[in-house]
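Here is a short briefing on one structure. Look it over first, then read the points below.

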Amino acid sequence: PADFTHTMNALLKEYGDEVIEITVSAADGTAKEARNKLRANSAGAFKNRTGRYRRGWRASLIKKNTSVLAQVYNATDYQLTHLLENGHDVVRGGVVVGHAKAYPHIADVNDWAIQAFESELYRRLKEK
């Protein structure tokens, strides 16, 4: 009985380690693809005169024990992401003079990334 328990625990740990490795790989690949899509989508939708906003997209992966967090964010102009995605009031001299147009470019990529990660993870786990 002790050998069986030890063997089962070893097999489960090995399988768990493989699943974590596959999850990390799928999350990292999806985050990098999402970053590239955001860079492409940010190129021509609005006046991006310097290209700084477009080049500011980063992908990072944070691993803690059995959890993985993949995030895509704008490191240079994070303040603009919400304003560009949703539009905003234009204020001059304390008076609202209009509303800036929204340039939705993040939500579509977010929806794509969720679906792509799920399908990639399912595909890789099915191969195991």
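Angles between axes that are over 145 degrees count as roughly antiparallel. This is a predicted model. The briefing covers a helix pair, an aromatic pair and a strand residue.

**Helix pair α1 and α4**
- Helix α1 spans residues 2-41, and helix α4 spans residues 107-127.
- Their axes come within 9 Å and cross at roughly 150°.
- α1 and α4 are therefore roughly antiparallel to each other.
- The crossing of α1 past α4 is right-handed.
- The residues in this contact divide into 13 nonpolar, 4 polar and 4 charged.
- On the α1 side, the contact residues include Val19, Ile22, Ala26, Thr30, Glu33 and Lys37.
- On the α4 side, they include Trp112, Phe117, Glu120, Leu121 and Arg124.

**Aromatic pair**
- The whole structure holds 1 aromatic pair.
- Tyr53 and Trp57 form this pair, and its geometry is edge-to-face.
- The ring centres lie 5.6 Å apart, with 75° between the planes.
- Tyr53 is buried, at a relative accessible area of 2%.
- Trp57 is buried too, with a relative accessible area of 2%.

**Asn74**
- Asn74 sits in strand β2, which covers residues 67-74.
- Asn74 counts as buried because its relative accessibility is 3%, and the cut-off for buried is under 20%.
- Beyond its neighbours within four places in sequence, Asn74 contacts Tyr53, Gly56, Trp57 and Thr81.
- Tyr53 and Trp57, both contacts of Asn74, are the partners in the aromatic pair.
- Asn74 and Asn9 are 65 residues apart in sequence and 42 Å apart in space, C-alpha to C-alpha.

Definitions and conventions
Residues numbered from 1 in each chain as written. Predicted model: local features only at pLDDT ≥ 70, side-chain atom pairs only at ≥ 80, totals over all residues. Heavy atoms only, no water. Axes fitted to C-alpha atoms, helices over the stretch in contact; angles between N-to-C directions. Helix = DSSP H or I, 4+ residues; strand = E, 2+ residues; numbered from the N terminus. Parallel < 35°, antiparallel > 145°, perpendicular 65-115°, else oblique. Left-handed = near helix turned anticlockwise from the far one by under 90°. Contact = heavy atoms within 4.5 Å. Nonpolar A, V, L, I, M, F, W, Y, C, P; charged D, E, K, R; others polar. Phe/Tyr/Trp six-rings, centres within 6.5 Å; stacked < 30°, edge-to-face > 60°. Buried < 20%, exposed > 50% of the residue type's maximum accessible area, 1.4 Å probe, protein only.
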